[in-house]
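Q: I've got a structure open and I'd like to learn how to read it. Can you take me through it feature by feature?

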Amino acid sequence: MSAEKTLIRRFRESDFLYDFKRSPVTVVSFVIVMFLILLAVFADLVAPTNPFDAGSLNLMNGFTPPMEPNAFTGETFVLGTDDQGRDLFSAIIFGLRVSLFVGLTAVILAMVLGVSLGLLAGYRGGWVDAVIMRTADIQVTFPSILIAMLIFGIARGLLPPHLRDEVAITVLIIAIGLSEWVPFARTVRGTTMVEKEKEYVQAARLIGLGSGQIMVRHILPNVLSPVLVIATITLALAIIAEATLSFLGVGAPPTEPSLGTLIRIGQDFLFSGEWWILLFPAFTLLALALSVNLLGDWLRDTLNPRLK
Amino acid sequence: MLLIILRRLGQSVFVLFLVAFVSFMMFRYVGNPVDNLLGQEATVEQREALIEALGLNDPLHVQYLDFVTRAVQFDFGNSYRGALPVADMILERLPATLELAMVSALFAMFFGVIAGVYTAIFRNRFLANVIMSSSLIGVSLPTFLIGVLLIWLFAVELGWLPSFGRGETVQIGFWTTSLLTVSGLKSLVLPAITLGLYQMTLIMRLVRAEMLEILRQDFIRFARARGLPEHVVYFGHALKNTLIPVITVAGLQLGSIVAFAIITETVFQWPGVGLMFINAVFFVDIPVMSAYLLLVGTLFVAINLIVDLLYLAIDPRIRDGQLKRQNT
Amino acid sequence: MTDPILSVRNLRVVFPHRHGELVPIDDISFDVKKGEIIGFVGESGAGKSMTGAAIIGLIDPPGYIERGEIWLDNERIDQLDVRAANRIRGRRISMVFQDPLTSLNPLRTIGDQLVETILTHLPVNANEAKRKAMAGLEEVDIDPGRFNAYPHEFSGGMRQRVVIALALSAGPELIIADEPTTALDVSVQAQVLDLLKKLCREHGTSVILITHDMGVIAETTDRVAVLYAGRLAEVGNTHELLRRPQHPYTRGLIASTPAVEYGDISTELFQISGTMPRLDALPSGCAFHPRCEQALDYCASHRPELQQDGVACWLYADG
C-alpha cells in the first residue's frame with residue numbers, strides 16, 4: 001500500500017509528468033488516442049447499431065447525408081450512411097477497433113521478435129549475431145510496407161482460397177509484425193553488447209546465473225525505455241501499414257472492415273457527391289495516426305534525446 | 001579504391017542471389033504451377049508430363065540455376081491470369097512507373113532541400129515554424145490518404161486536374177511517355193505530389209537537422225570569424241557538408257518511391273508495375289509477384305550500390321579512411 | 001606611447017535565462033596596443049572566450065552586449081550589422097580557435113579555404129589569391145605543394161598552422177587566439193606559439209591570447225589581464241605581474257603553476273581552495289571573497305573596481 005503510494009507520488013513529481021504537462025500538443029494527442037482506444041474497446045456499447053448485422057440494415061437508408069433525416073425513412077444519422085444504409089458512425093467505431101487491434105498486436109509481435117533476436121545477437125555475438133544482423137540489414141533496405149505485402153501475398157498463396165478471408169486479419173498482423181522487428185533488434189543488440197561487459201553482469205555470471213536469466217533479469221530492464229519509444233513510433237507505422245494494405249484491398253476483408261477498408265469503399269462515392277463516406281473515416285485515421293506519431297516523437301525527445 | 005568497389009559489388013551480387021532465391025522459392029512452392037497451368041481435372045499422366053517438362057523433378061539447385069538463368073534473360077514465365085508472358089507485361093508498364101517515380105523524386109529533392117535549408121537558417125521565423133508543423137502532418141499521413149484527399153480537393157471540388165490514368169501518351173520506340181502531352185502532364189501532377197510528399201518532408205527534416213548540426217560546428221564559427229559572407233557560410237560550407245547524409249537518404253528513398261508507387265498507382269489507377277503487383281497479390285498470381293520481387297530487388301541493390309559509391313566519391317575522409325583500412 | 005588598436009570600455013554581456021539573466025562578462029575595460037601580445041588568463045568560465053566572441057561580434061544568441069563599447073582604431077564595432085561586421089572579421093580582426101581538428105571544413109581543401117578568404121577581403125583576382133595563399137602556407141612552414149590537400153591529411157599541429165595562415169591571410173591588425181595550443185600535443189605547443197608570436201611581430205599584428213596556462217602567458221605575452229567570474233581582477237605588464245602579483249587570486253594562480261624550468265618539481269603546488277562560482281550563483285561584493293584567504297568583512301558586501309594600479313582588490317584600496 002505504502003509502496004504503491006510512493007510510486008504514485010514519485011510519478012507525480014517526476015520530470016516525465018512535468019514535461020508532459022508543459023507540452024499541450026502532447027496532452028491533446030494523448031487525450032485523442034485515449035478517447036479513440038476507449039471508443040474501440042467499448043464499441044458494442046457506444047455504437048448505435050451493429051454495422052455488420054445484415055438484418056438490421058435498411059437499404060432505404062442508403063446514402064443518407066450526415067445530420068439530415070433520410071427522405072424515405074426519416075431516420076437521422078450523425079455521420080450519415082453508406083450505400084447499403086449502414087450507419088457510418090458505427091462503422092467507423094468498429095473499423096477503429098480492427099485498426100487498433102491489428103496495429104497493437106502487430107507491434108507486440110514485432111517487439112517480442114525484435115527484442116528476443118536483439119538480446120540473442122548482442123549476448124551471444126559470433127555467427128548468431130552475424131546471421132541476425134545481416135538479415136536485418138538486408139531487410140531494412142526494402143520498405144517495410146513492401147515486405148508486408150509480400151508476406152501477405154505469399155500467405156494468401158499458401159492458404160486454400162476458402163480460408164483466405166477468415167484468417168486475413170491474422171495474416172495481416174503477422175505480415176506487419178514481421179516487417180517491423182528490425183529497429184527493436186538493433187537497439188536492444190547495441191545496449192546488450194554494452195551491458196554484458198559491465199561488472200554486475202559479469203558478477204551475475206560468476207555466481208552461476210544462466211544466460212536466459214541474465215538476459216531477462218539484468219539486461220532487459222536497461223532497454224525498456226528505448227523499446228517503449230520504438231514501440232510507440234512503430235505503432236503509428238503499423239496503423240498506417242494496416243490502413244494502406246486494407247485500402248489496397250490486400251488487408252482486412254470486407255466482412256471485417258478497418259478504417260482503411262472504409263476509405264477504400266468511400267473513394268468509390270467521391271465523384272457522386274457522397275463525400276462523407278470517405279472523409280469521416282479518413283479524418284479518424286488521420287487523427288489516430290497523427291496523435292500516435294506526436295506521442296512517439298515526444299516520448300523519444302523526453303526519454304531518449306539521442307535516439308533519432 | 002578498386003578493392004572497395006569490388007568488395008561492395010560482391011556484397012551486392014550476394015544480396016541479389018538471395019533475392020532471387022526468395023523469388024524462386026515463391027515461384028516454385030507457393031501456389032502450384034501444375035494446378036495453375038492444367039486446372040484440377042487433368043489426368044495423372046498429363047501432370048507427370050508437365051512436371052517433367054517444367055523440370056520440377058530436377059534437384060533444387062538445378063531448378064534454381066535454371067530460374068536465375070531464365071530471369072537474367074528476362075524470362076519470368078507466364079502470368080496465371082491471361083497467360084501473357086510476365087516480361088512483356090512488365091516492359092509495357094515499366095515506363096509509366098519510372099516516369100512517375102523520377103518526377104516525384106525530383107519534386108521531393110528540390111522542394112525538400114529548399115525547405116530544409118530555409119527552416120534551418122530562419123528557424124525562428126513564423127513561416128519556418130508553419131512549415132515544420134505541417135511537415136509533421138505530412139509524415140503522419142499515409143500516402144494513400146494524401147492521394148485521396150488531393151483527388152477530393154483538386155479533381156472533385158475544384159475540377160482542375162484529372163484523378164486517374166496517364167492521359168494521352170506518346171510512343172517512342174518501346175517507351176510510352178506521358179511527359180510530352182498536356183493531358184499527360186496534367187495527369188502526372190497529383191500522383192507525383194502524392195508519391196513525393198512523404199519523401200519531401202523526410203528530406204526537408206533531414207536537411208534541417210543536419211544543417212542545424214553543422215551550423216553549430218567550429219569550422220562554421222571559424223568561417224564566420226574570417227568574415228565570409230552569410231551566403232558563403234550557408235551554401236559554400238554548411239550545405240555541402242549537409243548533402244552527404246542527404247544524398248544517402250534521398251538515394252535510398254528512391255527505392256521507397258518505387259515501392260510506394262504501388263499505393264499511388266492504385267489510388268490513381270496509374271497503369272504501372274505497382275498496380276500490376278497489387279492485382280497479382282490480390283489474385284495470387286505468383287509468377288507476376290515473383291518477377292516483381294526480382295525486379296524491385298535488383299533496383300534496390302543497384303540503388304544501394306550507387307549511393308555507396310557516390311558517398312565514396314564525395315567525402316575525402318571516407319575515401320582515404322577506407323583505403324587505409326584496406327591496406328593494413 | 002602608441003594609440004591602442006582596440007579599446008573595450010565597460011563591456012557587459014548578458015544571457016537571458018529562465019530565472020533572470022546570467023552575466024558572463026561584467027564591466028570589463030581594457031586596451032590593446034599596436035603590435036603587443038596581451039594574455040587573458042583565468043579558469044574556464046571566467047569569461048575569457050566570451051570576451052573574444054564579443055570583440056569579433058559572434059556571441060551566440062540569446063546572449064548580447066548589454067552595455068559598453070568596443071572601439072577598433074576609432075571605429076565603434078559593437079553595434080555593426082552583419083555586412084559591416086564581415087568587413088572587419090577576417091580582414092581586420094581574426095580569430096584562431098582551440099581545436100584545429102574541427103576548425104577547418106573537412107570537405108574542402110585547405111587551399112580552397114585560403115583562397116576563398118583572401119578573395120572575400122582583398123581586391124585581388126583568383127591567380128593572385130592563389131599565390132598569396134601559397135605564400136601564406138610557406139610562412140607557417142607548410143609545403144605549398146600541399147595546397148590541394150584536405151584537412152584530415154594533416155596532423156593537429158600542422159592544421160593549427162593552417163588555421164593561423166587562414167587567420168593572417170587578409171593581413172588583420174588583431175588576432176584573437178582562443179586557447180590555440182590547448183588541444184595540441186605538448187611537444188608541438190611551443191612550436192605553434194613561437195610561430196604565432198614570430199609572425200605577429202613581423203606583421204605588426206596585435207594578439208589577444210586567451211589561455212588558462214600561466215606558463216604560456218609567461219613565455220608569450222607582453223601584458224596580461226587576469227579574469228575571474230566575468231570581471232577583471234588584475235591587469236599589468238607580464239614581467240611585473242608575474243614577479244609581484246597583487247590580487248590574491250593572481251597570487252594563487254601563479255603559485256599553483258609548476259615552475260619546471262627551475263627543477264623544483266618536488267615543491268608541493270599551491271591550490272586555491274574551492275571552485276569558481278557558477279554564473280547563476282555569484283557571491284555578493286568581490287566575487288572571489290569566499291575563496292580568498294585575506295578577505296575582509298567589507299569584501300563580502302562591496303564590489304572592488306579596477307584601480308589605476310591595475311588591481312581590483314580592497315586590500316590595495318586607499319582610504
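Q: How many helices and strands does chain A have?
A: Helices (H or I, at least four residues) and strands (E, at least two) are DSSP runs, numbered from the N terminus. Chain A has 14 helices and zero strands, so its elements read α-α-α-α-α-α-α-α-α-α-α-α-α-α from the N terminus on. Before we go on: this is a predicted model, where local features need pLDDT of at least 70 and side-chain atom pairs count only at pLDDT 80 or more, while totals for chains, interfaces and linings use all residues. Residues are numbered from 1 along each chain as its sequence is written, and chains are lettered from A and ligands numbered from 1 in the order in which they are written.

Q: What share of chain A counts as buried?
A: A residue is buried if 20 or more other C-beta atoms lie within 10 Å of its own, exposed if 12 or fewer, and partly exposed in between, with the C-beta atoms placed from the backbone. By that count, 46% of the 308 residues of chain A are buried.

Q: And what about contacts inside chain A?
A: Two residues are in contact if their C-beta atoms, placed from the backbone, lie within 7 Å. Take the contacts in chain A with a separation of 6 or more: 68% of them are between residues 24 or more positions apart.

Q: How do I check the length of a helix, say α3 of chain A?
A: The expected span is 1.5 Å times one less than the number of residues. Helix α3(A) covers residues 24–41, and its 18 residues should span 26 Å; the end C-alpha atoms are 26 Å apart, which agrees.

Q: Which pair of chains has the most contacts?
A: Two pairs of chains touch, and A and B have the most contacts. There, 31 residues of chain B meet 34 residues of chain A. On the chain B side, α7(B) gives the largest share, eight residues. For residue types, Ala, Val, Leu, Ile, Met, Phe, Trp, Tyr, Cys and Pro count as nonpolar, Asp, Glu, Lys and Arg as charged, and the others, Gly among them, as polar. That side of chain B divides into 25 nonpolar, six polar and no charged residues.

Q: How does chain B meet chain C?
A: This contact takes 19 residues from chain B and 26 from chain C. The elements of chain B that give two or more residues are α9 (218–225), α10 (230–268) and α13 (316–327). The largest share, six residues, comes from α9(B). Here the chain B side splits into six nonpolar, four polar and nine charged residues. As for chains A and C, no contact joins them, and their closest C-alpha atoms lie 15 Å apart.

Q: Why does B:Met276 count as buried?
A: B:Met276 sits in helix α11 of chain B. It counts as buried because it has 25 C-beta neighbours inside 10 Å. Leaving out residues up to four places away in sequence, B:Met276 touches B:Met89, B:Arg93 and B:Val288.

Q: In what order do the strands of the open sheet in chain C come?
A: Two strands pair if DSSP finds at least two bridges between them. Four strands form this open sheet, in the order β2-β1-β4-β5, with antiparallel pairing. The edge strands, β2 (20–33) and β5 (75–76), each pair on one side only. Nine bridges join β1(C), residues 4–17, to β2(C), and C:Leu11 stands opposite C:Ile28 in β2(C).

Q: Is β3 of chain C mostly covered or open?
A: Mostly covered: five of the five residues of β3(C), residues 37–41, are buried. On one side these are C:Ile37, C:Gly39 and C:Val41, and on the other C:Ile38 and C:Phe40. β3(C) pairs in the parallel sense with β8(C), residues 206–211, over five bridges, and C:Ile37 stands opposite C:Val207 there. β3(C) also pairs in the parallel sense with β9(C), residues 223–228, over four bridges, where the bridge partner of C:Val41 is C:Val226.
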